[in-house]
Amino acid sequence: MVRELREALDDHQFEVLYQPQVNLNSSAIISYEALLRWRHPLRGLIEPQDFMRSAESSGLIIPIGLQALDMICAQTASWPEHMMVAVNFSPRQLATPHAAHEILGALDSSETPLSRIIVEVTELGVVGRHAADTLHILHNEGIRIALDDFGAGFASFSALSELPLDILKIDQSLTWAVSAAGRAGDRAFMVMESIADIARKLGLDSIAEGVETAEHAANVSRAGCDMGQGYYFGKPLPASSIVTPV
């Protein structure tokens with residue numbers, strides 16, 4: 001796997017797809033999440049969960065991540081400046097002492113407005129000092145920070161007070177649980193409503209992930225979430241297939 005990942009990096013086999021993040025009140029697209037894929041010459045399109053662990057353990061995630069960031073900057077250069085792009089960063093990428101310098105350098109060389117970029121992290125990605133410091137530096141430069149997968153079972157409320165957050169992304173498992181029948185669905189709805197309320201009181205935008213049906217969209221909107229993301233609003237597409245409003 002590591003050998004093939006090195007070849008994929010050298011041969012530029014990685015590509016980026018974009019999924020919309022939609023305002024639940026206006027239905028306007030506010031931002032897109034950039035999603036990495038590996039176009040393997042024999043096995044076709046490979047999802048991140050099938051190669052990310054090897055990329056992390058080998059350290060290849062660092063050059064892969066920078067290559068992906070370069071692609072994202074180039075592919076979104078013609079988008080309106082107000083259209084934001086959320087980019088996922090892994091624990092290994094954020095933990096290096098020079099991570100902030102490398103990320104800012106890539107954005108500066110492409111002349112990408114820093115206000116366009118949203119850095120998405122999970123709480124597991126910011127447990128070390130270097131990772132937290134990286135986020136503070138990026139945030140001070142005008143980059144927005146999103147905490148991903150909140151409510152997935154390992155996110156703690158301490159991250160909400162310790163990290164320079166702008167966006168709280170509620171895990172898809174909770175979106176799906178809200179649609180369950182009976183007491184389980186009612187309890188899940190109260191949990192989501194509470195998380196959205198906490199985000200609002202902290203001045204954070206909330207995004208419900210995994211919105212796949214009209215029922216999901218209605219439920220997360222009723223719970224007070226600001227935005228939604230999922231196949232109901234649009235599947236991930238290459239930049240060439242996206243028409244952004246002026």
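The legends below describe close-up views of a predicted model. Local features need pLDDT of at least 70 and side-chain atom pairs count only at pLDDT 80 or more, whereas totals for chains, interfaces and linings use all residues. Residues are numbered from 1 along each chain as its sequence is written, and side-chain values use heavy atoms, with hydrogens and water left out.

**View 1. Helices α3 and α5.** The axes of α3 (residues 61-75) and α5 (residues 99-109) come within 10 Å and cross at roughly 25 degrees. Helix α3 is therefore roughly parallel to α5 (angles under 35 degrees count as roughly parallel). Axes are lines fitted to C-alpha atoms, for helices over the stretch in contact, and angles run from 0 to 180 degrees between N-to-C directions. Helices are DSSP runs (H or I, at least four residues) and strands likewise (E, at least two), numbered from the N terminus.

**View 2. Residues between α3 and α5.** I62, L66, L69, D70 and C73 of α3 are in contact (heavy atoms within 4.5 Å) with E102, I103, A106 and L107 of α5.

**View 3. Surroundings of F14.** Leaving aside residues up to four places away in sequence, F14 touches L5, A8, L9, L36, R37, W38, F51, I64, Q67 and M71.

**View 4. S27 in a loop.** S27 lies between β1 (14-23) and β2 (29-40). Although S27 is not a glycine, it has a positive phi of about 65 degrees.

**View 5. E111 in a loop.** E111 lies between α5 and β5 (117-121). This residue, also not a glycine, has a positive phi of about 60 degrees. E111 is exposed, with a relative accessible area of 71%.

Key:
Parallel < 35°, antiparallel > 145°, perpendicular 65-115°, else oblique. Buried < 20%, exposed > 50% of the residue type's maximum accessible area, 1.4 Å probe, protein only.
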